[in-house]
Amino acid sequence: MKTSEVTQKLHWDETILNALREDIPWEDVSANSVVKAGTRGRAELLCKQDGVIAGLPVFARTFTLLDESAQVKLFAQEGSEVKRGQKIAEVTAEMRALLSGERTALNFLGRMSGIATYTRKTAKLLEGTKTKLLDTRKTTPGLRSFEKYAVRTGGGYNHRFNLSDGVLLKDNHIGAAGSVTKAIEGARAYAPFVRKIEIEVETIAQLEEALKAGADIVMLDNMDDETLKKAVSLAKGKAETEISGNVTAENIAKYVSYGVDYISSGALTHSAPILDLSLKNLRPL
């Protein structure tokens, strides 16, 4: 079984079904009032603004969960740039499934495509450099799998997926441990040896302590420009560097010039506007 199929089996179906249950707790009164059961139809997925399309497998799966015989014919590839007015797909299924699944399918697709579009715009600002664009855990609860997938589709990279996925010691971890050194020592003793230790630092003094304690990655959080430049220079050859905190497409270019290894931006997932898409021209077959 392919990895994508495993993901769908273990996670995507559950998420889509929960969304459908939210929208159809027992029946779709409107659809069932106007269409007889078993009547088949076809509708077109249209793009209403330029962007990057992401989430077509989720869009299609929404309809096949409602109607196993549903078929989706694609006219654009996942991750491709699409234009306003472009026909992206045709969906053929029972008309009740088309009517009932329309909003859920479009909600997923519009959200994921919006993230991919914003990520693509931001990632282009890093082209030709060594710096990688990362997402964060600032995702919609329950939709992290979809949103991080959309970041990858848009050309970004995923930071840790969850709290079990990697060691990242932030200000409150440092406070709980008592110091930067104690936090790193604790993580080194507890975490599997294959794990890298990343720690967030806010001052040059914390950075120097983290480097001395053997941090693998230092996250330079909310530093001013001069402090950032000094911090990247101090860490060079000793630890990888990540810039985080209020990073957007509008200010990311200056951070790249500092020679940092990674730039993480919560805006990729929490501030990306949806891509406007529509299911139109439904007609019976």
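Predicted model: local features only at pLDDT ≥ 70, side-chain atom pairs only at ≥ 80, totals over all residues.
Let's start with helix 7, residues 180-190. Which of its residues are buried? They are V180, A183, I184 and A187. Look down the helix axis. Those buried residues fall within an arc of 95°, so they line one face of helix 7. Now turn to the other side. There, K182, E185, A189 and Y190 are exposed. What does the buried side pack against? The partners are strand 7 (167-169), helix 6 (171-177), strand 8 and helix 8 (204-213).

Strand 8 covers residues 197-201, and E200 sits in it. Is E200 buried or exposed? Its relative accessible area is 4%, and the cut-off for buried is under 20%, so E200 counts as buried. The E200 side chain has polar partners. One is the side chain of K170, in a polar contact of 2.9 Å. Then there is D171: its backbone nitrogen lies 3.2 Å from a polar atom of the E200 side chain. Setting aside residues up to four places away in sequence, E200 touches L169, K170, D171, I174, Q206, M219 and D221.

Next, helix 9, residues 225-235. N222 sits in the loop between strand 9 (217-221) and helix 9. Its phi is positive, about 50°, yet N222 is not a glycine. Most residues other than glycine have a negative phi. At 48% relative accessibility, N222 is partly exposed. Then comes the cap. D224 caps the N-terminal end of helix 9, with a side-chain oxygen 3.2 Å from the backbone nitrogen of E226.

Now the helix itself. Buried here are L228, A231, V232 and A235. Down the axis, these buried residues fall within an arc of 100°, so they line one face of helix 9. The face turned away from the buried side carries E226 and S233, both exposed. What covers the buried residues? The cover includes helix 8, strand 9, strand 10 and helix 10.

One more residue in helix 9: L234. L234 is partly exposed, at 27% relative accessible area. Neighbours within four places aside, L234 contacts I204, L207, E208 and L211. How far is L234 from D50? Along the chain they are 184 residues apart, and their C-alpha atoms are separated by 42 Å. After helix 9 comes G237, with a positive phi near 80°.

Further on there is another asparagine with a positive phi. N246 has a phi near 60°, and again this is a residue other than glycine. N246 lies in the loop between strand 10 (240-244) and helix 10 (252-256). At 64% relative accessibility, N246 is exposed.

Last, a helix pair. Helix 4 runs over residues 95-123 and helix 5 over residues 144-154. They pack at an angle of about 40°, and their axes are 7 Å apart. That angle makes helix 4 oblique to helix 5. The crossing is right-handed. Who makes the contact? From helix 4, we have F108, R111, M112, I115, A116, T119, R120 and A123. From helix 5, we have F146, E147, Y149, A150, V151, T153 and G154.

Note on methods:
Residues numbered from 1 in each chain as written. Heavy atoms only, no water. Helix = DSSP H or I, 4+ residues; strand = E, 2+ residues; numbered from the N terminus. Buried < 20%, exposed > 50% of the residue type's maximum accessible area, 1.4 Å probe, protein only. Polar contact = N/O pair within 3.5 Å; in protein donor to acceptor, adjacent residues only side chain to side chain. Contact = heavy atoms within 4.5 Å. Arc of directions from axis to C-beta. Axes fitted to C-alpha atoms, helices over the stretch in contact; angles between N-to-C directions. Parallel < 35°, antiparallel > 145°, perpendicular 65-115°, else oblique. Left-handed = near helix turned anticlockwise from the far one by under 90°.
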